[in-house]
Amino acid sequence: MQGFKRSPKVFDALIPLVFLIVLLVLNIQVFGTDGLSGSNQIVLILSSMVAAVVAIFRLGFNWETLQDGIIKSISAAMSSILILFLIGALAGTWLLSGIVPAMIYYGLQILNPTIFLVAACIVSAIVSVATGSSWTTVATVGVALLGIGKALGFEEGIIAGAIISGAYFGDKMSPLSDTTNLAPAMAGTDLFTHIRYMAKTTVPSISITLIIFVVIGMNYETNGTVDDVQVISDVISEKFNVTGWLFIVPILVIVMIVRKVPAIPALLTGALLGGVFALFFQPDIIRLIADENASYAYQSFKAVMMSLYGEISISTTNDVVNELLVTSGMGGMMNTIWLIIAAMVFGGIMEESGMLRVLAEAVIQKVHSIGSLIASTVATCVFFNITTSDQYLAILVPGRMYADVYKKRGLAPENLSRTLEDSGTVTSVLVPWNTCGATQASVLGVATLTYAPYCFFNIISPFMTILYGYFKIGITYYDDVEDEEKLV
């Protein structure tokens, strides 16, 4: 079949894409937020099959070529998969050691319903700026904040929205973030010019987000009372040895990431330290989880291993606390990893066959003004987040596609790098089958479609950058001859 290979037409590329969208809509109607359990994965696999049929029988590709594309696509996601495993392990040992319960305990002492959503957003933003990682932020302080919010009586969707909004603000603005370094590299500008320029849209977006959370917090009728919060605090302190010494572990993890220790060894260290701290600070919990009459060394080994790989739950007299004291370890991440692999199979076939490229080129042909150019860039980034299921591809591919177009229009490269981040980075978490959306849903235990409507920062950011483009606010031009910039 390889002899007559031809470039795909828009019609060819739309066949698997439309199939995917139609089946996903049907899937959501049938399974709702339970799609992560397997039905979304099957939809992506079936869509991959359709894409492969088009590529082989209409475009002349052979299976070996498409398989190479699949392998490259999955390989690009391997670091994310390893991080996911380690986040599951970290969550397990941080529960066993009492780190997360301690965060919840102390958080309940200082937070009240009126300021909670704003505080959750700001705390997540600060930690994310310091670490450069929205994933690490959500998996550590995010999990604790979710527990605090639920104890205060907030719905989990709005809590997760506040946490993710802050985490992705920090991820965008941190010089330590991989996407914040990737976007200017693709556009052809430097890191700090990119960050300064990005602040023009990002600061208004987070400001509007915080105002929304202030208004919601002032008017939200929670079902939790001061007495309920005190009961939860008392139950946690009775079950765990709550002490400030437990915060040594999360502080060390944050310090490691700030000092540019790669995420995988930093998270592994955090998970193992959580197990070590459990031995010294939570002997009663160790015995409870091990549930055997044996030496403490034997019980410790068993309990720590169980927290690393599997589900553990700690029962108390309070149902709300019981919901907070459950983790699934590495094993709990398997559905998410299955989803990521299925998504990367679809993205790999679509990219290898050229079907993604032809769809993007069709969009570029419709561009006639600066506003429409920026809007098209945003739409392309969102499109790649949906179809390739990976935020890095949603920055890389549009970055390569639009770099020359921006240059021909006389636009400085920071216009492109900002738009890539304002759309590619932040919208990834809103797509259930994207690596980011699937990860945060799994880590927080809140379905993507449940928290997405409350991720105000992530929703506002792409519209803010489009608004700036159409009204030519803060658009930077450069003169190729004099090599100087002027701001409109």
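Trp338 has a relative accessible area of 34% and is therefore partly exposed, a class that lies between buried (under 20% relative accessible area) and exposed (over 50%), computed with a 1.4 Å probe on protein chains only. The structure is a predicted model in which local features need pLDDT of at least 70 and side-chain atom pairs count only at pLDDT 80 or more, whereas totals for chains, interfaces and linings use all residues. Residues are numbered from 1 along each chain as its sequence is written, and side-chain values use heavy atoms, with hydrogens and water left out.

Trp338 belongs to helix 17, residues 334-352; helices here are DSSP runs of H or I with at least four residues, numbered from the N terminus. Beyond residues up to four places away in sequence, Trp338 touches Ser37, Gly38, Gln41, Ile42 and Ile45, where contact means heavy atoms within 4.5 Å.

Asn385 sits in helix 19, which spans residues 370-387. Its relative accessible area is 0%, so Asn385 is buried. Once neighbours within four places in sequence are set aside, the contacts of Asn385 include Asp390, Gln391, Ala394, Ser423, Gly424 and Asn434.

The loop between helix 11 (226-239) and helix 12 (248-258) contains Val242. Val242 counts as buried because its relative accessibility is 19%. Neighbours within four places aside, Val242 is in contact with Ala102, Tyr105, Tyr106, Ile236 and Ser237. Ile232 is ten residues from Val242 in sequence, at a C-alpha to C-alpha distance of 13 Å. Helix 12 itself holds Ile257, which counts as buried because its relative accessibility is 8%. Ile257 and Thr136 are 121 residues apart in sequence, and 9.3 Å separates their C-alpha atoms.

Attention now turns to helix 7. This helix covers residues 134-152, and 17 of its 19 residues are buried. A kink of about 45° is centred on Gly142; the bend at a residue is the angle between axes fitted to the seven residues ending there and the seven starting there. After helix 7 comes Gly153, with a positive phi near 105°.

Helix 7 also contributes at least two residues to the lining of the second largest pocket, as do helix 4 (78-96), helix 9 (178-187), helix 13 (263-281) and helix 20 (391-408). A pocket is an open set of points on a 1 Å grid over the protein atoms alone, with protein on both sides within 12 Å along at least five of seven lines, and lining residues have an atom within 4 Å of a point. The second largest pocket holds about 470 Å³ of space, a volume being the space filled by probe spheres set on the grid points, which are joined across faces, edges and corners. Of its 25 lining residues, Gly132, Ser133, Asp178, Ala263 and Tyr392 lie nearest the centre.

The largest nonpolar core has 149 residues, among which Leu96, Phe116, Phe213 and Tyr451 touch the most other members. Such a core is a set of buried Ala, Val, Leu, Ile, Met, Phe, Trp, Tyr and Cys residues joined through side-chain atoms within 4.5 Å. Not counting residues up to four places away in sequence, Leu96 touches residues including Phe240, Ala278, Ile285, Ile289, Val304 and Ile312.

Note on methods
1 Å grid on protein atoms, 1.4 Å probe; cavity = no way out; pocket = protein on both sides within 12 Å on 5 of 7 lines; lining within 4 Å.
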